[in-house]
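I opened my notebook to look up a few strand pairings and pockets.

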Amino acid sequence: MAWTRDEMAARAAKELSDGFYVNLGIGIPTLVANYIPEGMHVTLHSENGMLGIGPFPYEGEEDPDLINAGKQTVTELPQSSYFDSAASFGMIRGGHINLAILGAMQVAENGDLANWMIPGKLVKGMGGAMDLVAGVQRVVVVMDHNSKAGDAKFLKACDLPLTGTHVVDLLITDLGVFEIDKKDGGVTLTELAPDVTVDVVRERTEANFEVAAGLA
């Protein structure tokens, strides 16, 4: 049985550590905020100029001026701070963000990432994705393993416009978890979702990968 979106987010939350500064991309990554372990101090960063993002507001308590980079309404915390986008991107480009958890349209076996546009479709721009994958210390991608049409999204090489090359460290899909050696090359399947077999993963994956010892 494949992982649900919430289960994928919960698995991604295991990559957090106490004291981390973390940027969450739109889509499934935003759910990671719901699974930060109790007692762990993690500060969420948003490219539009906010450090210390609180949980999503209850219905009727939204502040339209308080949004994240994905234009979702959020809440503030006692320690929240605000600044212009230049300072926000300075934090990213300066290597001060420990972890980015992002969504994707495609990931390649060498760690290339495509997550910002499909040719022919109107988009507003790349946003902060290119800066994030180049500036943060570690990049985790969370995405569905296949498209709605059933096409593989974990590929030998991306055919959509790239966000960055050799940038993805860990890929979490609804089928399992892959560690990507973006420096020396190589992919290892390290975890499987419940009732998902290695054969199923192979059938639904174009990328080449090894299987961790002991993984059924």
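Strand S6 (residues 106-108) pairs with S9 in the parallel sense over 2 bridges; two strands count as paired if DSSP finds at least two bridges between them. Strands (E, at least two residues) and helices (H or I, at least four) are DSSP runs, numbered from the N terminus.

I note that this is a predicted model, where local features need pLDDT of at least 70 and side-chain atom pairs pLDDT 80 or more, while totals for chains, interfaces and linings use all residues. Residues are numbered from 1 along each chain as its sequence is written, and side-chain values use heavy atoms, without hydrogens and water.

I then traced the sheet: it is open, with mixed pairing, and its 3 strands run in the order S7-S6-S9. Strand S7 (113-114) and strand S9 (154-155) are the edges, each pairing on one side only.

Next I checked the pockets (open sets of points on a 1 Å grid over the protein atoms alone, where a 1.4 Å probe fits, with protein on both sides within 12 Å along at least five of seven lines; lining residues have an atom within 4 Å of a point). I wrote down 45 lining residues for the largest pocket, with Gly-25, Ile-26, Gly-27, Ala-69 and Gly-70 nearest its centre. Strand S1 (21-24), strand S2 (43-46) and helix H3 (129-135) each give two or more residues to that lining. S2 supplies the largest share, 3 residues.
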